[in-house]
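This report covers strand pairing first, then aromatic contacts.

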Amino acid sequence: MTARLLLIRHGESTANVAAAAAEADGAEAIAVEARDADVPLSALGERQAATLGQALRDHAVSAADSFSSPYLRAVQTARAAGVERPALRLDERLRDRELGVIDALTALGVERRLPLEAERRRWLGKFYYRPPGGESWADVALRVRSFLRDLPAGDGTAVIFTHDAVVSVFLFVLLGMTEDELSEFLRTRPVTNASVTVLARGADGWRVDAFADDTHLAEVGVPATEHQGNARADA
């Protein structure tokens, strides 16, 4: 397997902005303008993504080893960073977590419109709860394990443009975390937009060399954003 992974969350999306507004207004639903796969970057997200080119150069990354979620916001982020197809390989296993019936609802919306689902989530916990028509975090872990098996062997670096839940699950899988360990790790460590997480494989296994590093944004005066999830109630 590849010896180093650069996991990049997409820049801020228009759905991230809409979700923040809905939560602030106490709304039940999020005014998303497109299906999840077609949600684009916001104007700020485009600026954030444009800073990633230098970040990749600082990590001495080869564009030939780049992969992306097929979702528009991830592909736009890769392109803004200077990585284009065919060098950029799209892989549906890197897509965001699917939320099924709770998609486009705020946390309040789930409580009011789907109270039984809200209760079921509390009982099962965030990691194992699968909304009808959607995925649990454990389901995403299966996708990540499959993707990792297909990475080429060697000492190279793979760059992956993806989503915050997927970045988190890469840590869970490669570091051998438990459900509780992942929850505690993420409690005070958000995967910020356009951030870079670096995982490296050594003699003793995988380690985190950098987590959600967004210093490249501060260096050029672009604001960082901490939107949680893919602008949906349970990401």
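Which residue in β5 is the bridge partner of I8? The bridge partner is V196.

## Basis

This is a predicted model, where local features need pLDDT of at least 70, side-chain atom pairs count only at pLDDT 80 or more, and totals for chains, interfaces and linings use all residues. Residues are numbered from 1 along each chain as its sequence is written, and side-chain values use heavy atoms, without hydrogens and water.

Helices (H or I, at least four residues) and strands (E, at least two) are DSSP runs, numbered from the N terminus. Two strands pair if DSSP finds at least two bridges between them.

β5 spans residues 196–202. β1 (residues 4–9) pairs with β5 in the antiparallel sense, over 5 bridges. β6 (residues 205–213) pairs with β5, also antiparallel, over 6 bridges. There, V198 has A210 as its bridge partner. A hairpin of 2 residues joins β5 to β6.

β5 is largely enclosed by the rest of the structure, because 5 of its 7 residues are buried (under 20% relative accessible area; exposed is over 50%, partly exposed in between; 1.4 Å probe, protein chains only).

## Aromatic pairs

The whole structure holds 5 aromatic pairs (Phe, Tyr or Trp rings, the six-membered one for Trp, with centres within 6.5 Å; planes under 30 degrees apart are stacked, over 60 edge-to-face, the rest tilted). One of them, F67 with F147, is edge-to-face, at 5.4 Å centre to centre and 90° between the planes. F67 lies in β2 and F147 in α7, 80 residues apart. F67 is buried at 9% relative accessible area, and F147 is buried at 2%. Ring pairs link F67, F147 and F170 into a cluster.
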